[in-house]
Amino acid sequence: MNKWRFLPIQSNNAYMNMAIDEAISDSVREGSSYPTIRFYTWDPSAVSIGCFQSLKDEVDTERCNELGIDFVRRKTGGGAVYHDSNGEITYSIIGKQELFPTGIIDSYKYICQFIISGLLKVGITAEFSPINDIVVEGKKLSGNAQTRKDGVLLQHGTILYDLNIRRMFDVLKVSKEKISDKAIKNVEERVTMVRKYSDISLADLYITLLAGFSEKMDCEEGALSKKELKKATEVAPNYRSASWNFSR
Amino acid sequence: MMHYICQVSVVNGSARRKVPDGKMLSVKIEYDTVIKKIELSGDFFIHPEEGITDIEDALIGSNPFNEKEICEIISSAVSLNHIELIGLTPDNIAKTISMAIR
């Protein structure tokens, strides 16, 4: 069984969060780090968009600036996510492609099963819903997104803990009529969150989600290497740049 | 002998839709008799990610009014560059381009 490294939960700004993934991807590719799973939160709260989305179309960047909310383009595809500092946990799984099923949907399913196992420990019965979601009673609890680059797979995922739907509508570009009680009710009918099923704290949710992974994998706690930290610090400004974030 | 030069002005178009059983797709296009500039965006997945530029580049200079030909160009770019589309198809893209020029 391959050895994995897990990094204890950390909170960073959006740019550093994305930069850390890039640094880990590089070190995993060159074989200087084990495949890695990390859980993290976003401080300040942030909106991330999929790598093919248009920032101008999806995010009210002026409102983000007023509220002190970061915005960043991910390297992974998928949709816009509002990452509330206290309302969700994000994970990244980074490993060489040969560790995962070849098919893209199969690899989503494979990785999502660890999150599903963790949720079951909280008493939440969740299931994988292709293409890239984890649902509970048909409602989305987790969105996931993947990129594969030069032999390394990176999968991001968000686990909704306590979503502030009004704040989400405030920063994502939706028509004014959508920011209505009816629209919020519609979101509530399609999206769910851990707090609806459990009183577990965010910190304990992290421990439980990690257990879902570590119980099935040969996993040991680690930290970013000096080289990874240096690289992440170097590339973080790229994720803050307008040329990256407004590239579509 | 008179020579008439017919200048066709460049037109902008856009369309956005959730493709059937798929993801959200937006098309922004500049065209006259041919596509001058095109940008695809949305919450879909393309592997490798650079494939989106391969598809956009392949469409430059093609006839935006011929949906079948557009679909063939996209399919060819997908095949040639070993691109995997998830949450959209060449047909979805071609139809959305047609919507953008209406």
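What is the order of the strands in the open sheet of 8 strands in chain A, and what kind of pairing does that sheet have?

Reply: The model is a predicted one, in which local features need pLDDT of at least 70 and side-chain atom pairs count only at pLDDT 80 or more, while totals for chains, interfaces and linings use all residues. Residues are numbered from 1 along each chain as its sequence is written, and chains are lettered from A and ligands numbered from 1 in the order in which they are written.

The open sheet of 8 strands in chain A has the order β7-β8-β9-β10-β6-β2-β1-β11, with mixed pairing. Strands are DSSP runs of E of at least two residues, helices are runs of H or I of at least four residues, and both are numbered from the N terminus. Two strands pair if DSSP finds at least two bridges between them. The edge strands are β7 (127-129) and β11 (218-221) of chain A, each of which pairs on one side only. From one strand to the next, the twist averages 25°.

Strands of a sheet pair through backbone hydrogen bonds, either parallel or antiparallel. Strand β6 (residues 88-96) of chain A runs antiparallel to β10(A) and is joined to it by 9 bridges. A:Ile89 has A:Ile159 in β10(A) as its bridge partner. Strand β9 (residues 139-149) of chain A also runs antiparallel to β10(A), with 8 bridges joining the two. Here A:Arg148 stands opposite A:Leu153 in β10(A). β9(A) and β10(A) form a hairpin with 2 residues between them, and A:Asp150 in the turn has a positive phi of about 50°.

A parallel pair is found elsewhere in the sheet. Strand β1 (residues 3-12) of chain A and strand β2 (residues 36-42) of chain A pair in the parallel sense over 6 bridges. A:Phe6 stands opposite A:Ile37 in β2(A).

Axes are lines fitted to C-alpha atoms, for helices over the stretch in contact, and angles run from 0 to 180 degrees between N-to-C directions. Contact between two residues requires that their C-beta atoms, placed from the backbone, lie within 7 Å. α1(A) lies across β1, β2, β6, β9 and β10 of chain A and runs at about 20° to β6(A). Helix α1 (residues 14-30) of chain A also lies across β3 and β4 of chain A, running at about 30° to β4(A).

Those last two strands belong to an open sheet of 3 strands in chain A, with the order β4-β3-β5 and mixed pairing. Its edge strands are β4 (70-73) and β5 (81-83) of chain A, each pairing on one side only. Strand β3 (residues 46-49) of chain A pairs with β5(A) in the antiparallel sense over 3 bridges, and the bridge partner of A:Ser48 in β5(A) is A:Val81.

Finally, helix α4 has a helical neighbour. Helix α4 (residues 104-121) of chain A and helix α7 (residues 202-214) of chain A pack at an angle of about 130°, with their axes 7 Å apart. That angle makes α4(A) oblique to α7(A), since angles under 35 degrees count as roughly parallel, over 145 as roughly antiparallel, 65 to 115 as roughly perpendicular and the rest as oblique. In this contact A:Phe114, A:Ile115, A:Ser117, A:Gly118 and A:Lys121 in α4(A) meet A:Thr208, A:Leu209, A:Ala211, A:Gly212 and A:Phe213 in α7(A).
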